[in-house]
Amino acid sequence: IYIELARYWVAGHYFKALAHPYHPLYPSLIAVAEKVSGFSFEHSAVGLSIIASALTLPALAIIYHRIENRLVLILGMLFFCVSPYLIRYSADVLAEPLYLLFVAWAAAFCVKAMVLRKRRALYYFFAGLFTGLAYLTRPEGLVVGIAGVLCLLIFYKSVRLEGISYAVFCL
């Protein structure tokens, strides 16, 4: 179905592509990748999935680095690289690698915003941006924003009310 929707995007049938119940970001990025690369829709989609999986690793490194245990960082990255399901998702025309990319970066920016004092608003903005991109890829992307807000309200009591309200607005 993603390939069919990408064909609608390339043909200029935007309303037809948007009228479908699937979220629009993954098919539209397949269409862009097909136009830019010149490969078929299927190869463009697989290439997009592989690139998304590779770009997820730096976000996971940011998240795992906060644990301050190198073994956890190495094992987490190794698990991500050798997991059979993640490898299968990366080599197929599925939205999961792109969704995971956006979720991982939203979590990484949220972790950075909670830890750092400088540029906190910018990190919350990017966490909200990647949450929105995750939602445009799959409807479960809203869970990331809700989880971020709950983490702020439950675990982050040292921030003034203005800081929490700004973070909630961004997420």
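Visitor: How confident is the predictor in the chain, and where is confidence lowest and highest?

Guide: Start with the kind of model. This one is predicted. The chain averages a pLDDT of 81, and 89% of the residues score at least 70. Confidence is highest in α3, at 89. Helix α10 (residues 161-170) has the lowest, at a mean of 55. Where pLDDT is low, the predicted coordinates should not be read in detail.

Visitor: Now packing. Which residues of helix α1 are buried?

Guide: Buried means under 20% relative accessible area. In α1, which spans residues 2-11, the buried residues are Y2, I3, L5, A6, Y8 and W9.

Visitor: What do the buried residues of α1 pack against?

Guide: Three helices: α2 (14-19), α3 (25-37) and α4 (41-65). G12 follows α1, and the phi of G12 is positive, near 90°.

Visitor: At what angle do the axes of α3 and α4 cross?

Guide: To judge a helix pair, take the axes. Angles of 65 to 115 degrees count as roughly perpendicular. Here the axes of α3 and α4 cross at roughly 110° and come within 8 Å. The two helices are therefore roughly perpendicular to each other. The crossing of α3 past α4 is right-handed.

Visitor: Which residues make the contact of α3 with α4?

Guide: On α3, they are Y26, L29, I30, A31, A33, E34 and S37. On α4, they are F41, S44, A45, L48 and S49. By type, the contact residues divide into 8 nonpolar, 3 polar and 1 charged.

Visitor: On to single residues. Is T137 buried or exposed?

Guide: Check the relative accessible area against the cut-off. Under 20% is buried. T137 has 3%, so T137 is buried. T137 lies in helix α8 (residues 120-137).

Visitor: What is T137 in contact with, leaving aside its neighbours within four places in sequence?

Guide: With that exclusion, T137 is in contact with H23, L25, Y26, A95, L98, Y99 and F102.

Visitor: Where is R66 found, and why does R66 count as partly exposed?

Guide: R66 is in the loop between α4 and α5 (70-82).

Visitor: Which residues does R66 contact beyond its neighbours within four places in sequence?

Guide: V111 and V115. There is also a C-alpha separation to note: R66 and A108 are 42 residues apart along the chain, with C-alpha atoms separated by 9.7 Å.

Conventions: Residues numbered from 1 in each chain as written. Predicted model: local features only at pLDDT ≥ 70, side-chain atom pairs only at ≥ 80, totals over all residues. Heavy atoms only, no water. Buried < 20%, exposed > 50% of the residue type's maximum accessible area, 1.4 Å probe, protein only. Helix = DSSP H or I, 4+ residues; strand = E, 2+ residues; numbered from the N terminus. Contact = heavy atoms within 4.5 Å. Axes fitted to C-alpha atoms, helices over the stretch in contact; angles between N-to-C directions. Parallel < 35°, antiparallel > 145°, perpendicular 65-115°, else oblique. Left-handed = near helix turned anticlockwise from the far one by under 90°. Nonpolar A, V, L, I, M, F, W, Y, C, P; charged D, E, K, R; others polar. pLDDT = per-residue confidence, 0-100.
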